[in-house]
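Please look over the sequence and the model shown here before reading on. The briefing below goes through selected features, grouped by topic.

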Amino acid sequence: MAERILLIDDDSRLAAMVSEYLGGAGYRVTTAATGGEGLERLGAEPYDALVLDLSLPDMDGLEVCRRLRARWELPVLMLTARGDAMDRIVGLELGADDYLPKPFEPRELLARVKALLRRANRQAKPSLLQFGRLEIDRDARAVRVSGKEKTVTSFQFALLVTLAENAGRVLSRDALMDLMKGEKLEAFDRSIDVHVSRIRAAIEDDPKKPRRIITVRGAGYVFAKQQS
């Protein structure tokens, strides 16, 4: 599954160059021209890393970094054309993981993004996800409710893990399909809705009144953070 990078930079030529270069290296790049747009995208979809310009038209990149750190954990590479070392120091203190001065070589940007993602991936994800009586065991690829194992397909297990990893975040059907790229869909059924329905039948106390995977009308699904 390709790792997703969000680039927040108002320089359209630079954004196009970075998107093409990182895309050629196998990453999926989404761009935003303002801090506000970038924060909206972060709220709508999960990303694996952020490349953030320090100088933006609507708000300072430092402010964007401060706001995102209050809500999300993801590696941040800050781009800066400013020569002031204090900006870089403040950025690192606010939660940026690395910085790269402009102008830069695309190869160096790629190397730094790879290093950030390696460090992030070394922080092992917990093998067991637990939400109240629901347990999702990554290692055993098993789902249990109150200790009783439930039957789901391989794709449904991957879909459930994706929802659980993004608990509290509304994910559209398109976002889920994007996140599930690389997982083989059953040939007879390509509907996210049907898979969610089958997962609910396995894990909900009352599938007709779901409390774990909740439908947000017109938006998608949200996996409840707090469960019984």
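A residue is called buried when its relative accessible area is under 20%, exposed when that area is over 50%, and partly exposed in between (1.4 Å probe, protein chains only). The model is predicted, so local features need pLDDT of at least 70 and side-chain atom pairs count only at pLDDT 80 or more, while totals for chains, interfaces and linings use all residues. Residues are numbered from 1 along each chain as its sequence is written, and side-chain values use heavy atoms, with hydrogens and water left out. Helices (H or I, at least four residues) and strands (E, at least two) are DSSP runs, numbered from the N terminus.

**Salt bridges**

- A salt bridge is a side-chain nitrogen of Lys or Arg within 4 Å of a carboxyl oxygen of Asp or Glu. By this rule the model has 14 salt bridges.
- Side chains of opposite charge can pair when their charged atoms come close.
- Asp98 and Arg112 form one of these salt bridges, with 2.9 Å between the closest N and O atoms. This pair links distant parts of the chain, since Asp98 is in strand β5 and Arg112 is in helix α5, 14 residues apart.
- Asp98 counts as buried because its relative accessibility is 17%, whereas Arg112 counts as partly exposed because its value is 23%.
- Arg144 forms a salt bridge with Glu135, where the closest N and O atoms are 3.1 Å apart. Arg144 also forms a salt bridge with Asp137, where the closest N and O atoms are 3.4 Å apart.
- Arg144 is buried because its relative accessible area is 18%, and Asp137 is buried too.
- A network of salt bridges links Asp9, Asp53 and Lys102.

**Helix α2**

- Helix α2 covers residues 35-44, and its buried residues are Gly35, Gly38, Leu39 and Leu42. They lie on the same side of α2 because they cover an arc of only 100 degrees around the axis, the arc being that of the directions from the helix axis to the C-beta atoms.
- An α-helix has 3.6 residues a turn, so residues three or four places apart point the same way.
- The buried residues of α2 pack against β1 (4-8), β2 (28-32) and α3 (61-69), where contact means heavy atoms within 4.5 Å.

- Two strands pair if DSSP finds at least two bridges between them. Strand β10 (residues 213-216) pairs with strand β11 (residues 220-223) in the antiparallel sense over four bridges.
- Ile214 stands opposite Val222 in β11.
- Three residues separate β10 and β11 in this hairpin, and Gly218 in the turn has a positive phi of about 80 degrees.

**Asn166**

- Asn166 is in the loop between α6 (154-165) and α7 (173-179). Asn166 counts as buried because its relative accessibility is 11%.
- Leaving aside neighbours within four places in sequence, Asn166 is in contact with Pro46, Leu171 and Leu179.
- The C-alpha atoms of Asn166 and Val222 are separated by 8.1 Å, although the two residues are 56 residues apart along the chain.

**Backbone angles**

- Most residues other than glycine have a negative phi, and most peptide bonds are trans.
- The peptide bond from Lys102 to Pro103 is cis, with omega near -10 degrees. Pro103 is in the loop between β5 (98-101) and α5 (106-122).
- Arg141 has a positive phi, near 50 degrees, and is in the loop between β7 (134-137) and β8 (142-145).
- Ser146 also has a positive phi, near 55 degrees, and lies in the loop between β8 and β9 (148-150).
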